[in-house]
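Thanks for coming. I have one model to show today, and I will keep it short.

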Amino acid sequence: MQLIQIVEALIYAAPEPVTSAEIAKAVRRAATDSVLPQARDWEMISFKDIESAIAELGERLAAAGHAIELQEGASGWRFVTRADFADWIRALLPEMRPEKLSAAALETLALIAYRQPITKADIEAVRGVSVDGTMQKLLERRLVRTGGRADLPGRPMLYETTDQFLEHFGVKDLNDLPNASELRLVALPSAEVPAEDEAETTPEVAEAEEPTEAETTPEVAEAEEPTIEAAIEAEAETDPDESPRSTIDLSNIDFDPRPDEDEDEDEEEEKAEGEAAPTSDVEPYDDDTDVNWHVEP
């Protein structure tokens, strides 16, 4: 048994793409319990040894003309069929035909891939149309995802590609995209950033107006007071015979009048009448007497 055979079996059996580090860890774990003589050498196998075995395996598959080949994606290594056999596989599995992306989706996806992270407003500024529906489809297919919020007014969402995007297009990382270094430097239109000065100037204007109104109020009051005094002086000049309301003669008014004699006489008569009031003719009844308290209507 050779190491290259073990690596081939691990990659083939893995349900998901597997990395070189994961393969090396699995080999070391199995070598400790193995009785094979060469297993002692695999107990301390390194990451570089696994990489060499994978490279050798790929060369053998290509040299032998196998229909499968090794492909390294963003999440690890896996076996895939060669593109030459795509038509035959599609005839066998018609239901597995992948859904094609529209031209609008590809343009939007390209902008995100080359300029990520990017806001939806910047994408719309480049394309000139709304991308709400396109973004929703890309999110549902897990080709893009949200990657935080931009440090801009309103805190808009930032979008970036996923590992599913890399696997879908068969690239290991974003640097493997065509003309990646050149397209990232191309100047593109961007969305207009709302001005922050508008919100700051509004309170200043309000503060500047408030003291103005407070200062003008006393001036208006001061302007009204001489107007009232002038009206009183004008009234005094027009009627010289009449004395002002503030100089009324109170010498003839008695503020502490004595009680009239007639009132004293009336009070004495009322007292006399109260003393001479007749007594009641009703005799007190005995407790044993049955008294009928019937009252005629």
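This is a predicted model: local features need pLDDT of at least 70, side-chain atom pairs count only at pLDDT 80 or more; totals for chains, interfaces and linings use all residues.

Residues are numbered from 1 along each chain as its sequence is written, and side-chain values use heavy atoms, with hydrogens and water left out.

Helices (H or I, at least four residues) and strands (E, at least two) are DSSP runs, numbered from the N terminus, and two strands pair if DSSP finds at least two bridges between them. Strand β1, residues 68-73, runs antiparallel to strand β2, residues 76-81, with six bridges joining them. I68 has T81 as its bridge partner in β2.

Next, the core. A nonpolar core here is a set of buried Ala, Val, Leu, Ile, Met, Phe, Trp, Tyr and Cys residues joined through side-chain atoms within 4.5 Å; buried means under 20% relative accessible area, exposed over 50%, partly exposed in between, with a 1.4 Å probe and protein chains only. The largest such core has 21 residues, and I11 and I50 have the most contacts inside it. At least two residues of this core come from each of α1 (3-13), α2 (20-33), α3 (39-42), α4 (47-64) and β2. Contact means heavy atoms within 4.5 Å. Leaving aside neighbours within four places in sequence, the contacts of I11 include I54, L70, W77 and F79. There is also a second, separate core of 20 residues, with L109, L138, V144 and V171 among them.

What does T134 touch, leaving aside its neighbours within four places in sequence? T134 sits in helix α8, residues 132-140, and is in contact with A104, A105, T108 and R127. T134 counts as buried because its relative accessibility is 15%.

Last, the sheet. Three strands form an open sheet in the order β3-β5-β4, with antiparallel pairing. β3 (118-119) and β4 (144-149) are at the edges with a single partner strand each, so one side of each has no neighbour in the sheet. Four bridges pair β4 with strand β5, residues 157-161, and R149 has M157 as its bridge partner in β5.

As for the pocket, β1, β2, α5 (86-92) and α9 (163-169) each supply at least two residues of the lining of the largest pocket.
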